[in-house]
Amino acid sequence: IGITPFLGRARHFAAIESPADVTLIFCVQDEARALFREELEALAESIDGFTLKMHYFYLEGPLSLEFLRQHCPDLVNRHAYVCGPTPLNTLAQHLLHAAGCRREHIHIEEFVLL
């Protein structure tokens, strides 16, 4: 699933006791699909500079530019890493471009749900 690369990175920050400058926006359909949420919440509490923001499609609708700007106001100054199924990746890329993120700062990993 798309969260696993980010979970691995967060675990690494915790293991080496390193601060981070990360805003992780975890997009899922509903709470039942938010695998590893509790672990990510605990990691966010233990890692200085690591922020977790949940986005639930059934409550908030599709991910939006307003949501991104609200939870990551300095978005255009960051690198964005996106991992998920094609529809989410396409939407995220569109929003990041609309926000003014530089193309070379957007990193995508796709997978297909079977």
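H55 touches I25, F26, C27, V28, E60, G61, P62, L63 and F67, not counting residues up to four places away in sequence; contact means heavy atoms within 4.5 Å. This is a predicted model: local features need pLDDT of at least 70, side-chain atom pairs count only at pLDDT 80 or more, and totals for chains, interfaces and linings use all residues. Residues are numbered from 1 along each chain as its sequence is written, and side-chain values use heavy atoms, with hydrogens and water left out.

**H55**
- H55 sits in strand 2 (residues 50-56); strands are DSSP runs of E, at least two residues, and helices are runs of H or I, at least four, numbered from the N terminus.
- H55 counts as buried because its relative accessibility is 1%; buried means under 20% relative accessible area, with a 1.4 Å probe and protein chains only.
- A polar atom of the H55 side chain lies 3.3 Å from the backbone oxygen of G61.

**Helix 1**
- L7, A10 and F13 are the buried residues of helix 1.
- These buried residues fall within an arc of 120° seen down the axis of helix 1, so they line one face; the arc is that of directions from the helix axis to the C-beta atoms.
- They pack against strand 1 (22-28), helix 2 (37-46) and strand 2.
- E17 follows helix 1, with a positive phi near 55°.

**Nonpolar core**
- The largest nonpolar core has 17 residues, of which F26, L40, F50, L52 and M54 touch the most other members; a core is a set of buried Ala, Val, Leu, Ile, Met, Phe, Trp, Tyr and Cys residues joined through side-chain atoms within 4.5 Å.
- Strand 2 gives the largest share of this core, four residues.
- F50 touches A10, A20, V22, L24, L40, L43 and A44, not counting residues up to four places away in sequence.

Technical notes: Buried < 20%, exposed > 50% of the residue type's maximum accessible area, 1.4 Å probe, protein only. Polar contact = N/O pair within 3.5 Å; in protein donor to acceptor, adjacent residues only side chain to side chain.
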